[in-house]
Amino acid sequence: MNAEPENPLWSFIDGYVKNVIDGFESRWSTVDLEIYEKHVHEATGGLLSRQAVLAIELAKAPSIWNGHTAPLLLRCMTDAYITLAWILGDPKARSEQYIHYGLGQEKLFIEYLEEGLREDPDSHDAEAMQQMIDARKAWLNGQLAEWATEVNVGSWSGLSTREMAKAIGRESIYKFAYVPFSGPAHNMWQHVGIYNMDPCTNPMHKWHLVPKIREAPIHPDFVYRAAKYVSLAYELSDDRLGTTSDVPLPVAYFVEREPFSTHSEDDGDS
Amino acid sequence: MSKRRILEGHKQSGKRFIPPMKQLPGMQMTSYVNDMLPELIWIGLLNDRLDYVATARLVEKIVQVAAEAAPDAKGRNYALCSHLGALEDPQRAALLQTLDTEGLLTRLRLAIAPLVLLYEDFPMAFVGPPEDLISRETLLDRIYRAIDRHIDKYQTPGIILNGEMLLTRLVSGTIKFSADIKIPDFNAVLEAPESDEARHAAGFMRANALGEFGMLKVDNRWARTFWNTNYTLSACEFVHNSE
C-alpha cells in the first residue's frame with residue numbers, strides 16, 4: 001500500500017512546533033528555581049512560555065500568515081520580548097511589579113463585574129456571572145489578598161514601551177517592529193488605509209479609497225519574524241536566567257529547513 | 001440608598017488606587033505562607049501526630065524550659081523554630097535533658113523527623129533524629145500532609161498554628177492583656193468552629209501572630225531554605241494533565 005506523500009509545508013510546521021516546544025522545555029528544566037521568591041520564575045517563565053505559544057499558534061495557522069492578522073501576534077511578541085528583557089534587568093523587583101499590576105487589573109475587572117451584577121441582579125446570566133466572579137476572586141486571592149491589592153491604571157512599569165526598549169538597549173526593536181505592528185493592532189490608518197481600502201482610479205472620483213474586504217497575500221516572512229522573536233527570548237533566558245539548551249534556536253531551524261531554507265543546493269554538505 | 005462605587009474606599013495616588021488597609025500608617029505586609037509557616041510547621045507536625053491538647057502541653061514544656069534556660073532573651077517567641085535554634089549549646093542540652101527525663105523527647109523526635117532528616121540547616125536539628133528508622137517516603141508523605149493541612153490560616157489547623165504564638169507568650173509570661181480587652185474563648189476554635197466566638201478567637205490569634213511576627217523581624221534564611229528544599233523534594237503536580 002502506498003503511503004500518502006508527506007506535505008512538505010506541514011512537515012516543516014510540525015518540526016518547527018516541536019523545535020519551539022523542545023527549546024522551551026529543555027531550557028526551563030535547567031532553571032534553578034527559587035520557590036521562596038517564586039514570582040521571579042513565575043513572571044519570567046510565564047512570559048517565555050507566552051512567547052513560545054504565540055510563535056507556535058502563528059506557525060500552525062498558515063491562513064493567517066498575512067498582513068491582516070499576523071502583525072497582531074508579532075506586535076504582541078515584540079511587546080513580550082521588551083517586557084521580559086526589562087524585567088530581567090532587575091528580576092526580583094520588576095517581576096513583583098509585573099505580577100501585582102496584573103492582579104490589580106484583575107481586581108478592577110472583578111469590580112466591574114460586581115457592579116454589573118448589582119445593576120442587573122435578575123439578569124438571565126446572573127448566576128454564571130457570579131460563578132465567574134467567584135472563580136476570578138479565588139485566582140486573585142490565591143496570590144495576593146484582594147484587600148492588599150492596589151490598582152494601577154497607568155503603565156505597569158511606570159515607563160512607556162519606548163523607554164523600556166531604550167533601557168534594555170533595544171530601541172531598534174521598538175522602532176522597526178513594535179511601532180509598525182502597532183498600526184494593525186490598533187486599527188490605525190496607516191494599516192487600514194492599505195489593507196482595508198481599494199484605490200479608485202477614476203479621476204472624476206478624486207482618487208478616493210473604497211473600503212473592501214481584500215485578501216492579503218500569504219507570506220512565510222511573518223513566521224520567520226516570529227521565529228526570530230522567540231529566539232531572542234530564548235537567548236535572553238540563557239543570558240540572564242542561566243538556562244541552557246542543545247536544541248537549535250527556532251530562527252536557525254526556520255532558515256535551515258525546506259521549504260524555507262536559505263541554503264542553495266550548492267551549499268550542501270554532501 | 002447611596003450607590004456603591006467602583007474601588008470604594010481606595011485612595012487615588014497618581015494613577016494608583018490604594019486599598020483602605022494599605023493606607024494605614026506604618027502598614028507592613030507579613031506573609032503567613034512564605035515566612036510564618038516554615039517557622040511553625042514543626043508544631044504542625046506535632047499536631048498531626050499527637051493531638052492539639054497533647055501538642056500544646058509539649059510546646060508549653062519546651063517554652064518553659066527554654067525561657068528558664070535563656071532568661072535574658074525575653075524577646076524570643078519559642079513557637080518559632082529559628083528562636084529555639086538560637087539557644088546556645090548548654091541551653092539546648094538542658095532542654096533535651098528535661099524533655100528526655102519527662103519522656104517527651106522521643107515524641108518530639110518522631111514528630112519533627114521530616115524536618116531534621118530532609119532539610120539542611122533546620123534550626124531545631126539539635127533535637128536529633130528518632131531512634132526508629134523512618135523511610136524517606138514516609139518522611140516526605142508526612143511533611144507534604146503537614147504543609148497541606150496547615151497552609152490555610154483560615155482553617156482550624158492553620159488557626160491553631162497561629163494560636164501557638166500566643167500560647168507560648170502566655171506560658172513564658174511575656175504577654176499581658178489590658179483588662180479592657182475582651183479575650184475570646186480560644187477553645188471555641190475546636191469546640192464550636194462555626195460559632196461567632198470561634199471566629200472572634202481565630203481572628204484574635206491570627207492578628208496577634210501576624211503582628212508579633214512582623215515586629216520580631218525573624219531572619220528569613222530558614223523560610224527560604226524550607227521552600228527551596230521543598231521544590232527539590234517532590235515533583236510538580238497539576239490539576240489538569242498537560243499532555
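Which residue of chain B meets the side chain of E150(A) in a salt bridge? Select E150(A) together with R16(B), and you will find their side chains joined in a salt bridge at 3.0 Å, N to O, where the term stands for a side-chain nitrogen of Lys or Arg within 4 Å of a carboxyl oxygen of Asp or Glu.

Before going on, note that this is a predicted model, in which local features need pLDDT of at least 70 and side-chain atom pairs count only at pLDDT 80 or more, while totals for chains, interfaces and linings use all residues. Residues are numbered from 1 along each chain as its sequence is written, chains are lettered from A and ligands numbered from 1 in the order in which they are written, and side-chain values use heavy atoms, with hydrogens and water left out.

**The interface**

Now select the residues where the chains are in contact (heavy atoms within 4.5 Å): 23 residues come from chain B and 21 residues from chain A. The area buried between them is about 2100 Å², and carbon and sulfur atoms give 56% of it; buried area is the accessible area (1.4 Å probe) that two parts lose on being put together, summed over both. Highlight R4(B), I6(B) and R224(B), which supply 26% of the area that chain B buries against chain A, more than any other three residues.

Between the two chains there are four salt bridges. On the side of chain B that touches chain A, the elements giving two or more residues are β2 (16-18), α1 (32-49) and α10 (221-233) of chain B, helices (H or I, at least four residues) and strands (E, at least two) being DSSP runs numbered from the N terminus. Of these, α10(B) gives the most, with five residues.

**The sheet across the chains**

Next, show β1(A), β2(B) and β1(B), three strands that form an open sheet in that order with antiparallel pairing; two strands pair if DSSP finds at least two bridges between them. The strands β1(A) and β1 (11-13) of chain B stand at the edges, each with a single partner strand, so one side of each is left without a neighbour in the sheet. Two bridges join β1(A), residues 151-152, to β2(B), and within this sheet V151(A) has F17(B) as its bridge partner. Three bridges join β1(B) to β2(B), where S13(B) is partnered by R16(B).

**A stop in chain A**

Finally, centre on T161(A), which lies in helix α6 (residues 161-167) of chain A. Leaving aside neighbours within four places in sequence, T161(A) is in contact with D79(A), I82(A), Y174(A) and Y178(A).
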